[in-house]
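The points below may be read alongside the sequence and the model.

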Amino acid sequence: MRTARLRTVHPVLWAGWAALAAGAVLCVIGWYGVSGERFAERQLPYLASCTVPGAALIIAGSVLLTHGRGALAAARVEELYGLLVAAGPAEDEESGQPAAAPLAVSGDLLMVPGGTLWHRADCPLVAGKAEAVPVDGKLVRSGELGPCPICEPAEADD
């Protein structure tokens with residue numbers, strides 16, 4: 001299952017590789033031309049017509065490859081997200097009913113030392129972790145800790 005965005009990324013990658021190859025060929029031709037000339041005034045045309053455009057093509061090809069790979073990664077993430085959303089909830093094997101998602105409803109708040117989020121005690125990100133400690137209120141008030149987007153502990157205080 002390929003998305004349309006994946007199909008539009010591949011030409012950018014091919015163009016990047018083509019620009020890199022053409023730039024390398026031009027640089028080799030320029031180097032060969034410069035190496036055969038003794039005087040600088042005879043070397044300048046090779047630099048201007050081959051080496052400089054070759055270097056520009058190598059840079060352009062590198063930019064295209066970087067952009068293409070980033071777009072390819074983004075397209076794959078979108079595709080995986082689409083598959084995740086399209087997948088229905090898992091069914092419980094015993095009853096055949098959809099399995100209920102575990103909800104974090106605990107009122108106890110925890111944090112991991114050195115972390116940037118505070119969580120409910122039954123949040124899957126801190127549940128069962130021995131290093132999780134109770135939240136220091138000063139860190140929350142100062143803004144150093146933010147609420148976890150998974151268990152949404154801000155709603156626990158409301």
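1. Two strands are said to pair if DSSP finds at least two bridges between them. Strand β1 (residues 109–111) and β3 meet this condition, because two bridges join them. The two strands run antiparallel. It should be kept in mind throughout that the model is a predicted one.

2. The overall composition may be set out next. The protein chain has 158 residues, of which 22% are buried. Its secondary structure comes to four helices and four strands, and the order from the N terminus is α-α-β-β-β-α-β-α. The accessible surface comes to about 11,000 Å², with 64% of that area belonging to carbon and sulfur atoms. Of the contacts between residues at least 6 apart in sequence, 59% join residues at least 24 apart.

3. The UniProt record, an unreviewed entry, annotates residues 12–34 and 46–66 as "transmembrane region". In the model, residues 12–34 are 100% helix and 0% strand, and the C-alpha atoms at the two ends lie 32 Å apart. Residues 46–66 are likewise 100% helix and 0% strand, with 29 Å between the end C-alpha atoms.

4. How many salt bridges does a search of the whole structure find? The search finds one. It is formed by the side chains of Glu 37 and Arg 42, with a distance of 3.8 Å from N to O. Glu 37 is partly exposed, at a relative accessible area of 22%, whereas Arg 42 counts as exposed, at 51%.

5. Helix α2 spans residues 40–86 and includes Tyr 81. Together with Leu 84 and Val 85, Tyr 81 forms a nonpolar patch on the surface, and the accessible area of the three residues is about 360 Å². Tyr 81 counts as exposed because its relative accessibility is 56%, and the cut-off for that class is over 50%.

6. The four strands form an open sheet of mixed pairing, in the order β3-β1-β2-β4. The edges are held by β3 (133–134) and β4 (146–147); each has a single partner strand, so one side of each is left without a neighbour in the sheet. In general, strands of a sheet pair through backbone hydrogen bonds, in either a parallel or an antiparallel manner.

7. The pairings can be followed strand by strand. β1 is joined to strand β2 (residues 117–120) by three bridges, and the two run antiparallel. They form a hairpin with five residues between them, and Gly 114 in the turn has a positive phi of about 90°. Leu 110 stands opposite Pro 134 in β3, while its bridge partner in β2 is His 119. Between β2 and β4 there are two bridges, and these strands run parallel; here Leu 117 has Gly 146 in β4 as its bridge partner.

8. Is Met 111 buried or exposed? Met 111, which is found in strand β1, is buried because its relative accessible area is 9%, and the cut-off for burial is under 20%. Leaving aside residues up to four places away in sequence, Met 111 touches several residues, among them Leu 117, Val 133, Pro 134, Leu 139 and Leu 145. Met 111 and Pro 147 are 36 residues apart in sequence, and their C-alpha atoms are 10.0 Å apart in space.

How values were computed: Residues are numbered from 1 along each chain as its sequence is written. This is a predicted model: local features need pLDDT of at least 70, side-chain atom pairs count only at pLDDT 80 or more; totals for chains, interfaces and linings use all residues. Side-chain values use heavy atoms; hydrogens and water are left out. A salt bridge is a side-chain nitrogen of Lys or Arg within 4 Å of a carboxyl oxygen of Asp or Glu. Buried means under 20% relative accessible area, exposed over 50%, partly exposed in between (1.4 Å probe, protein chains only). UniProt positions are given in the numbering used here, feature names are shortened, and annotations may be inferred rather than shown by experiment. Patches are made of residues with over 30% relative accessible area and no salt bridge: like charges are joined within 9 Å, nonpolar side chains (Val, Leu, Ile, Met, Phe, Trp, Tyr) within 5 Å. Accessible areas come from the Shrake-Rupley method with a 1.4 Å probe; for residues, only the protein chains shown count as cover. Contact means heavy atoms within 4.5 Å.
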